[in-house]
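Below is a short note on the packing and the charged pairs of this model. Please read it alongside the sequence and coordinates.

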Amino acid sequence: KKDEANHKPGDQQYLQSVEDRAKLDGLYECILCACCSTSCPSYWWNSDKYLGPAVLMQAYRWMIDSRDEFTDQRLAMMEDGFSVYRCHTIMNCTKTCPKGLNPGRAIGEIKKMLMNYNKAPAS
């Protein structure tokens, strides 16, 4: 939370609706084994610049968390040709995930968010 400096840790709860919590299903279960990243050709070729499926799925997990207030900052960090757009939707990441998660879908959702973010008026 942006106002966290005004509160002691553990002093306040950040409640979430059942519907908002359900949006996180299929994201928080990631164990960061990196099977998805190691199976991704885009990550093989650009591992120094492309964040990879595991990192992007975790970023998306925070972007859609209704309790998080830093979505715009997270999206701003992804406005380049490598962070998200190196994903070519080959979907090896989803096929190899031992937990049956779908990093490819999370990356696609980030791309949609970036389209809307770019359209937002500058403040």
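**Notes on the predicted model**

1. Asp65 is buried, with a relative accessible area of 2%. The structure is a predicted model, and the values below are computed from it.

2. Asp65 forms a salt bridge with Arg67, with 2.8 Å between the closest N and O atoms. Arg67 is partly exposed, at 28% relative accessible area. A network of salt bridges links Arg61, Asp65 and Arg67.

3. The pair Asp68 and Arg74 also forms a salt bridge, its closest N and O atoms lying 2.8 Å apart. Asp68 counts as buried at 14% relative accessibility, because the cut-off for buried is under 20%. Arg74, with a relative accessible area of 25%, is partly exposed.

4. Arg21 and Asp25 make a salt bridge in which the closest N and O atoms are 2.8 Å apart. Arg21 is partly exposed at 30% relative accessible area, and Asp25 is partly exposed at 41%. In total the structure holds six salt bridges.

5. Turning to the nonpolar packing, the largest nonpolar core has 21 residues, and Leu56, Met78, Val84 and Ile110 have the most contacts inside it. Two or more residues of this core come from each of α4 (53-63) and α7 (103-119). α4 gives the largest share, five residues.

6. Which residues is Met78 in contact with, leaving aside its neighbours within four places in sequence? They are Leu51, Leu56, Ala59, Met63, Ser83, Val84, Ile110 and Leu114. Among them, Leu56, Val84 and Ile110 are, like Met78, listed with the most contacts inside the core.

Methods:
Residues numbered from 1 in each chain as written. Predicted model: local features only at pLDDT ≥ 70, side-chain atom pairs only at ≥ 80, totals over all residues. Heavy atoms only, no water. Core = buried A, V, L, I, M, F, W, Y, C linked by side-chain atoms within 4.5 Å. Buried < 20%, exposed > 50% of the residue type's maximum accessible area, 1.4 Å probe, protein only. Helix = DSSP H or I, 4+ residues; strand = E, 2+ residues; numbered from the N terminus. Contact = heavy atoms within 4.5 Å. Salt bridge = Lys/Arg side-chain N within 4 Å of Asp/Glu carboxyl O.
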